[in-house]
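Please keep the sequence and the coordinates in view while reading.

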Amino acid sequence: MKLYESHISEFNEKSIKEHQNQFDFLGDTLDKKNINTLNVVDALAKFQVAIPSWALGAGGTRFGRFSYFGEPSNLTQKLDDVGLLHALTQTAGAISLHIPWDVPEDYNAIKEQAKSLNLKFDAVNSNTFQDQANAKESYKFGSLCNTDEAIRAQAIAHNQDVIKIGEKLGSKSLTVWLADGANFPGQNNFQTVLSNTENSLKSIYKTLPDDWKMFIEYKPYEPNFYSTVIQDWGTSFMLANACGDKAYTLVDLGHHLPNTNIEQIVSTLMLKGKLGGFHFNDSKYGDDDVTVGSVKPYALFLIFNELVYGMQNNPQNPDLSWMIDASHNIKDPLEDLMQSLEAIQEAYAKALLVDQSALKQAQSVHDVVACQEILQRAYRTDVRPLLAQARLQSGGALDPLALYRGLDVRQTLIEERGKHTIASGL
Ligand SMILES: [Mn+2]
């Protein structure tokens with residue numbers, strides 16, 4: 001399905017007046033607080049979030065999978081879907097590929113297509129959490145951590161291959177997430193598996209191109225339920241330090257136990273210059289992969305408050321790789337991603353409205369009430385006209401979801417692709 005500029009401009013025309021009124025009103029309000037609205041809009045327009053190739057189809061649970069129909073079943077179609085999202089929102093300017101599910105057959109054609117859709121290739125993701133059809137060794141009992149040297153060697157070689165594929169596409173980073181761990185006490189010697197993992201990561205790191213980064217993701221449980229080798233940010237941070245300057249910790253919102261203070265983790269890592277990437281989703285209990293901001297939007301705002309502070313005050317930390325990492329069980333994946341993108345931009349915009357100097361002043365005199373007021377004043381601002389304005393000036397839709405539904409995009413995709421297509425390699 002191709003979206004034309006005329007689709008967007010004709011749609012925007014219908015609500016441009018109402019938008020202009022709302023934007024002007026908000027601009028006046030913020031002006032009185034000495035906030036430069038245009039700077040915030042510019043920052044929003046620049047903020048781009050990568051879409052992972054696995055988020056474009058219906059996910060599932062171990063109990064079942066319900067297709068959403070019209071899913072992209074090859075890389076070309078996946079790029080088309082992200083291109084559509086980007087055209088509507090002007091916020092999804094990159095795709096993050098999963099290897100081996102999305103190995104390009106024709107690199108030039110894929111690169112040309114990405115260029116025509118205004119998409120970049122973000123981090124490439126390796127997979128040692130499942131066995132591939134022709135694999136010699138099995139990852140049933142772990143990959144980079146395994147006590148069997150041949151299994152570790154296969155997992156290391158896979159990650160090195162992923163880097164080579166990424167290089168051909170223009171990616172600049174590798175994300176390593178490991179399912180490695182134990183389901184039962186006594187299954188693993190903690191020190192052995194951690195040492196093996198460190199040595200394996202160092203072997204991968206050695207082949208990392210100079211201008212690349214390696215992101216080390218952590219997760220406290222699942223698919224292993226007793227222990228995971230890289231269970232928390234501290235373990236990831238330790239491994240990143242052991243590898244070197246190009247290795248960083250990656251924070252995935254869903255990879256924390258309930259009530260973990262994620263904003264504090266973000267802040268600590270940025271102070272140490274070691275936060276490399278960020279995966280967005282939301283959760284109620286664990287790694288639930290639900291729509292960003294659907295359960296805890298205030299927590300997301302607090303996290304963004306620390307991210308903004310770090311981006312403004314921590315030159316030692318590199319620019320971050322932003323990605324949505326979620327799967328969708330019952331929603332149209334594209335609609336869900338649009339809701340997530342909106343929630344991310346909203347939290348970012350609100351964090352940009354925080355009066356940092358007033359907050360610093362209130363903190364210095366221990367005025368706890370004022371500290372909370374400053375944060376919540378920013379959080380309570382309805383910033384949606386700023387988001388719409390950022391989209392409008394970049395050529396996107398004032399209301400992406402309404403246009404998507406108005407054009408009946410999903411029905412068109414079903415007609416083009418059929419009902420029973422499957423996007424992921426699971
Ligand atoms: Mn993730």
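Helix 11 (residues 356–364) and helix 12 (residues 368–380) pack with their axes 8 Å apart, at an angle of about 160 degrees. Helix 11 is therefore roughly antiparallel to helix 12, a term that applies to angles over 145 degrees. Axes here are lines fitted to C-alpha atoms, for helices over the stretch in contact, and angles run from 0 to 180 degrees between N-to-C directions. Helices (H or I, at least four residues) and strands (E, at least two) are DSSP runs, numbered from the N terminus. The model is predicted: local features need pLDDT of at least 70, side-chain atom pairs count only at pLDDT 80 or more, and totals for chains, interfaces and linings use all residues. Residues are numbered from 1 along each chain as its sequence is written.

Helix 11 contributes Ala358, Leu359, Ala362 and Gln363 to this contact, and helix 12 contributes Ala370, Cys371 and Ile374. Two residues are in contact if their C-beta atoms, placed from the backbone, lie within 7 Å. By class, the contact of helix 11 with helix 12 holds six nonpolar residues, one polar and no charged ones. Nonpolar here covers Ala, Val, Leu, Ile, Met, Phe, Trp, Tyr, Cys and Pro; Asp, Glu, Lys and Arg count as charged, and the others, Gly among them, as polar.

Helix 2 and helix 13 (residues 384–394) pack at an angle of about 65 degrees, their axes being 9 Å apart, and their crossing is right-handed. From helix 2, the contact takes in Thr37, Val40, Val41, Leu44 and Ala45; from helix 13, Leu386, Leu387, Gln389, Ala390, Gln393 and Ser394. By class, this contact of helix 2 with helix 13 comprises seven nonpolar, four polar and no charged residues.

Thr37 belongs to helix 2 (residues 37–46). Beyond residues up to four places away in sequence, Thr37 touches Gly27, Leu30, Asp31 and Leu386. Thr37 is 337 residues from Ile374 in sequence, and their C-alpha atoms are 18 Å apart in space.

Asp252, in strand 9 (residues 247–252), counts as buried because it has 22 C-beta neighbours inside 10 Å. Its contacts, leaving aside residues up to four places away in sequence, are with Glu217, His279 and Asp325. Asp252 and Asn281 are 29 residues apart in sequence, with 7.7 Å between their C-alpha atoms. By contrast, helix 4 (residues 107–116) lies largely in the open, because one of its 10 residues is buried. Asn118, with a positive phi near 65 degrees, follows helix 4.

The chain has 15 helices and 11 strands. Of its 426 residues, 45% count as buried. The chain's radius of gyration is 22 Å, which agrees with the value near 22 Å for a compact globule of 426 residues; the radius is taken over C-alpha atoms, and the globule rule is 2.2 Å times the number of residues to the power 0.38. Along its principal axes the C-alpha trace spans about 65 × 60 × 40 Å. Among contacts between residues at least 6 apart in sequence, 79% join residues at least 24 apart.

Terms used. Buried ≥ 20, exposed ≤ 12 C-beta atoms within 10 Å, placed from the backbone. Parallel < 35°, antiparallel > 145°, perpendicular 65-115°, else oblique. Left-handed = near helix turned anticlockwise from the far one by under 90°.
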